[in-house]
Amino acid sequence: MIVLCLSLLDALLTLILIAQGARELNPVMQYYLSHGPQVFLLAKYGLTAFSVLLIVLLNEALFTRYRIGTSILLHVFSAFFGSVVIWELYLLSI
């Protein structure tokens, strides 16, 4: 849930920054953004939710093969999205 919430917060902050003149540098997200903010939000949430679902479903295979549990991967995703949100909040403050 934390990863999904941070991803949505990232998307909303991205839209605010773009409204203030910023650019989306990720070409995949730029494509979805060019189709409107609703498509962008849906794509952002959908891609993140699919990734989280895939990690959870592959839990046993990942642990057996790489000795890594999905909780570690989800913590890494949370840290990544948390860092992005902090960066965006910084950009909004300057």
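**Entry 1: Secondary structure and overall extent**

I counted five helices and zero strands in the protein, taking helices (H or I, at least four residues) and strands (E, at least two) as DSSP runs numbered from the N terminus. Read along the sequence, the pattern is α-α-α-α-α. I note that this is a predicted model, in which local features need pLDDT of at least 70 and side-chain atom pairs count only at pLDDT 80 or more, while totals for chains, interfaces and linings use all residues. Residues are numbered from 1 along each chain as its sequence is written, and side-chain values use heavy atoms, with hydrogens and water left out.

I looked up the extent of the C-alpha trace, which spans about 45 × 30 × 20 Å along its principal axes. Of the 94 residues, 30% count as buried; buried means under 20% relative accessible area, exposed over 50%, and partly exposed in between (1.4 Å probe, protein chains only). I also looked up contacts, defined as heavy atoms within 4.5 Å. Among contacts with a separation of 6 or more, residues 24 or more positions apart account for 59%.

**Entry 2: α1 against α3**

I recorded that the axes of α1 and α3 come within 10 Å and cross at roughly 155°. Axes here are lines fitted to C-alpha atoms, for helices over the stretch in contact, and angles run from 0 to 180 degrees between N-to-C directions. The two helices α1 and α3 are therefore roughly antiparallel (angles under 35 degrees count as roughly parallel, over 145 as roughly antiparallel, 65 to 115 as roughly perpendicular and the rest as oblique). Their crossing is right-handed, that is, the near helix is turned clockwise from the far one by less than a right angle.

On the α1 side, the contact residues include Val 3, Leu 4, Ser 7 and Asp 10; those in α3 include Phe 40, Lys 44, Tyr 45 and Thr 48. By class, I found 12 nonpolar, three polar and two charged residues in the contact of α1 with α3. In this scheme Ala, Val, Leu, Ile, Met, Phe, Trp, Tyr, Cys and Pro are nonpolar, Asp, Glu, Lys and Arg are charged, and the others, Gly among them, are polar.

**Entry 3: The salt bridge**

I found one salt bridge in the structure, the term requiring a side-chain nitrogen of Lys or Arg within 4 Å of a carboxyl oxygen of Asp or Glu. It joins the side chains of Lys 44 and Asp 10 at 2.5 Å, N to O. Lys 44 lies in helix α3 (residues 37-57) and Asp 10 in helix α1 (residues 2-19), so the pair ties together parts 34 residues apart in sequence. Both Lys 44 and Asp 10 are buried.

**Entry 4: α3 against α5**

I then examined α3 and helix α5 (residues 70-93), whose axes come within 9 Å and cross at roughly 155°. The helices α3 and α5 are therefore roughly antiparallel to each other, and their crossing is right-handed. Among the residues that meet are Lys 44, Thr 48 and Ile 55 in α3, and Leu 73, Phe 77 and Phe 81 in α5. The contact of α3 with α5 has seven nonpolar, three polar and one charged residues.

**Entry 5: Two single residues**

I looked up Thr 48, found in helix α3. At 9% relative accessibility, Thr 48 counts as buried. Not counting residues up to four places away in sequence, Thr 48 touches Val 3, Leu 4, Ser 7 and Phe 81.

I located Ala 22 in the loop between α1 and α2 (27-33). At 36% relative accessibility, Ala 22 counts as partly exposed. The C-alpha atoms of Ala 22 and Leu 91 are separated by 9.6 Å, with the two residues 69 apart along the chain.
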